[in-house]
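Here is my note on the model you sent. Please read it with the structure open.

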Amino acid sequence: MEQIKIQGKVVAITGASSGIGEAIAKHLAKLGAKVVLGARRTDNLKTITGAIIAQGGQAVYKSLDVTDQQDVASFAKFATEQYGTLDVFINNAGLMPLSMINAYKIKEWHQMIDVNVKGVLHGIAAALPIFEAKDSGQFVNITSVGDRWVGPTSTVYSATKFAVRAISDGLRQEVSENIRVTLVAPGATQSELAETISDPELKKQAIEKFRINLLPAEAIARAVAYAIEQPADVDVNEIVVRPTAQKSF
Ligand SMILES: NC(=O)c1ccc[n+]([C@@H]2O[C@H](COP(=O)([O-])OP(=O)(O)OC[C@H]3O[C@@H](n4cnc5c(N)ncnc54)[C@H](OP(=O)(O)O)[C@@H]3O)[C@@H](O)[C@H]2O)c1
């Protein structure tokens, strides 16, 4: 079976303004993909897109809030308008405001559900019609090792990632055999994710306990590239990537 080349693929990435999304955009662009970056911080997107183009890559960006279904639909449409098609949609946007349940940070629970779960569903609703119309395409959903592990303070975050794992596997079974669904579950990785923890003491503890031995974000980008470049009849369903030293969660 013919190897799929990343060269020329049109890849849309949500949450591409920092961390893992930024690394995926830069890595895939280096491999010849045409990348479409979305997030709310357009200043960051402009800088990242500029850096990709300066290195000879092809990239465009668009302001995106994944909690807004229409905005995500416009983002996918923008990709097809810019580059003529859409081949891969990467649901990466997410936040992780860890807290104990009895801290009742209900607004943050809602934010996590809105971005981490509804945002992914919006991405699927935006890209699946495009994939079904041409009977090909690939979703890459970035979850977390928290899609299979839960501990104190990660209850709601893990619940959102468990949900995305369920959505990914259900989607895989429902779609045509020419549409691929990949879940990539990172362990602790360098990014701005801990900045979303609002309790300063908890943030300090989380950084000391969990945010050590961090993977470079490029390690996750390489895993994503591996899943994309497989032959068309190979659907890499799940990749879990931890720092070697991350043993207990
Ligand atoms: N770093 C880790 O250790 C780790 C481990 C496991 C899983 N993950 C997952 O990896 C993904 C990326 O996170 P990261 O670690 O790279 O953290 P990050 O640096 O904080 O990046 C999060 C990205 O999500 C975007 N985002 C947040 N809310 C959004 C919204 N409403 N609409 C559009 N974009 C939004 C942010 O962009 P704007 O703020 O500009 O909108 C940003 O680009 C997340 O799904 C996270 O759960 C990370």
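1. Ground rules. This is a predicted model: local features need pLDDT of at least 70, side-chain atom pairs count only at pLDDT 80 or more, and totals for chains, interfaces and linings use all residues. Residues are numbered from 1 along each chain as its sequence is written, and side-chain values use heavy atoms, with hydrogens and water left out.

2. The sheet. Seven strands make an open, parallel sheet, ordered S3-S2-S1-S4-S5-S6-S7. Strands here are DSSP runs (E, at least two residues), as are helices (H or I, at least four), numbered from the N terminus. Pairing requires at least two DSSP bridges between two strands. S3 (58-63) and S7 are the edges; each has a single partner strand, so one side of each lacks a neighbour in the sheet. From one strand to the next, the twist averages 15 degrees.

3. S2 (residues 34-39) and S3 run parallel and are joined by six bridges. Ala39 has Ser63 in S3 as its bridge partner.

4. Helix over sheet. H5 lies across S5, S6 (179-186) and S7, and runs at about 160 degrees to S6. Axes are lines fitted to C-alpha atoms, for helices over the stretch in contact, with angles from 0 to 180 degrees between N-to-C directions. Contact means heavy atoms within 4.5 Å.

5. Helix H1. Buried residues of H1 include Ile20, Ile24 and Leu28. Buried means under 20% relative accessible area, exposed over 50%, partly exposed in between (1.4 Å probe, protein chains only). Gly32 follows H1 and has a positive phi, near 100 degrees.

6. Aromatic pairs. There are three. Phe131 and Phe139 form an edge-to-face pair, 5.0 Å centre to centre, with 65 degrees between the planes. Phe131 is buried at 0%, and Phe139 is buried at 0%. Rings of Phe, Tyr and Trp (its six-membered ring) pair if their centres lie within 6.5 Å; planes under 30 degrees apart are stacked, over 60 edge-to-face, the rest tilted.

7. Trp149 is partly exposed at 25%, whereas Phe249 is buried at 14%.
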